Amino acid sequence: MDLFNLKGKTALITGGTHGLGMAMAEALAQAGAKLVITGTTPEKMEKALAAYESKGFDAKGYLFDVTDEVEAKRNVEKITEIEGNIHILVNNAGIIQRTPAISMEISDFRKVIDVDLVGPFIMSQLVAKQMIERKEGKIINICSMMSELGRNTVSAYAAAKGGLKMLTKNLATEWAKHNIQVNGIGPGYFATSQTEPIRVEGNPFNDFIISRTPAARWGNPEDLGGTAVFLASKASDFVNGQIIYVDGGILATIGKPANED
């Protein structure tokens with residue numbers, strides 16, 4: 001359908017070298033978008049670009065830290081010069097630090113905020129300047145269920161993702177008049193290489209996620225693809241400042257009693 005056609009569009013995905021970032025990038029590419037991927041590790045970038053190429057996707061990679069405004073500005077200008085206008089920005093790069101709040105180093109707290117919140121602001125501001133000139137653009141911030149909920153040991157991550165939710169709403173408020181849509185995706189618990197060690201039957205956390213999720217399963221990375229394409233395409237031209245939670249229904253329910261089937 002033409003509403004979801006991304007041919008002729010260039011999508012910039014930060015942290016698109018692995019995991020959910022790669023899954024969303026592949027979905028955008030399948031819809032016709034040209035991919036520009038950022039990362040900070042040469043080895044991961046090389047492996048990711050080879051994977052994209054093996055699937056026939058048009059993908060280019062740029063190594064820089066999104067929290068460094070000077071490097072980010074230089075690279076966004078370079079990307080625009082070489083790859084063309086950026087039509088879609090996916091702010092996916094992020095980190096998590098699992099430490100109890102009482103013992104967390106302030107430097108670690110600041111680092112999480114810097115990567116997960118300040119980085120998306122820097123990239124959004126840089127890319128929005130060219131989007132405003134063209135009077136069109138899509139910005140997708142990768143939020144989290146921690147944009148809505150608390151959990152032990154992730155105070156910095158939850159603070160950053162909660163902030164990213166409100167940044168999404170504020171940027172939408174300021175830029176909607178320029179025909180720029182700023183929205184977010186909040187993934188639930190997904191089956192990735194990072195969660196593989198705990199996704200075994202009998203593991204208490206695995207059992208908790210299965211029982212807590214109405215869909216009764218972990219998400220598959222490709223489950224994010226449709227939402228990413230929707231928010232990147234014409235289909236969402238009047239959707240702005242929204243966070244779509246792709247979580248199998250976790251946020252919709254208080255849960256079920258332990259003895260309920």
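A pocket is an open set of points on a 1 Å grid over the protein atoms alone, with protein on both sides within 12 Å along at least five of seven lines; a cavity is a set of points where a 1.4 Å probe fits but cannot get out. Residues line a pocket if they have an atom within 4 Å of a point. This is a predicted model, in which local features need pLDDT of at least 70 and side-chain atom pairs count only at pLDDT 80 or more, while totals for chains, interfaces and linings use all residues. Residues are numbered from 1 along each chain as its sequence is written, and side-chain values use heavy atoms, with hydrogens and water left out.

**View A. The largest pocket.** Rolling a probe the size of a water molecule over the atoms shows where empty space is left. Here, the largest pocket has a volume of about 1500 Å³. Volume means the space filled by probe spheres set on the grid points, which are joined across faces, edges and corners. The lining counts 46 residues; nearest the centre lie G94, I95, I96, Y157 and Q194. Helices (H or I, at least four residues) and strands (E, at least two) are DSSP runs, numbered from the N terminus. Sorted by class, the lining of the largest pocket holds 20 nonpolar, 18 polar and 8 charged residues. Ala, Val, Leu, Ile, Met, Phe, Trp, Tyr, Cys and Pro count as nonpolar; Asp, Glu, Lys and Arg are charged; the others, Gly among them, are polar.

**View B. The second largest pocket.** Its volume is about 230 Å³. It is lined by 16 residues, and K9, E136, K138, K234 and D237 are the closest to its centre. The lining has 7 charged, 6 polar and 3 nonpolar residues.

View C. Strands of a sheet pair through backbone hydrogen bonds, either parallel or antiparallel. This sheet has 7 strands in the order β3-β2-β1-β4-β5-β6-β7, with parallel pairing. At the edges are β3 (59-63) and β7 (243-246), each pairing on one side only. From one strand to the next, the twist averages 20°. Strands β1 (residues 10-14) and β4 (residues 88-91) pair over 3 bridges; two strands count as paired if DSSP finds at least two bridges between them. A11 has I88 in β4 as its bridge partner.

**View D. An aromatic cluster.** Y189, F205, F208 and W218 form one aromatic cluster. Rings of Phe, Tyr and Trp (its six-membered ring) pair if their centres lie within 6.5 Å; planes under 30 degrees apart are stacked, over 60 edge-to-face, and the rest tilted. The count is 4 aromatic pairs. One of them, F205 with F208, is tilted, at 6.1 Å centre to centre and 40° between the planes. These two residues are 3 apart in helix α6 (residues 204-212), so about one helical turn separates them. F205 is partly exposed at 22% relative accessible area, and F208 is partly exposed at 42%. Buried means under 20%, exposed over 50%, and partly exposed in between (1.4 Å probe, protein chains only).

**View E. Two loop residues with positive phi.** Most residues other than glycine have a negative phi. K135 has a phi near 65°. It sits in the loop between α4 and β5 (137-142) and is partly exposed at 44%. T153, not a glycine, has a positive phi of about 75°. T153 lies in the loop between β5 and α5 and is partly exposed, at 31%.

Technical notes
Axes are lines fitted to C-alpha atoms, for helices over the stretch in contact, and angles run from 0 to 180 degrees between N-to-C directions.
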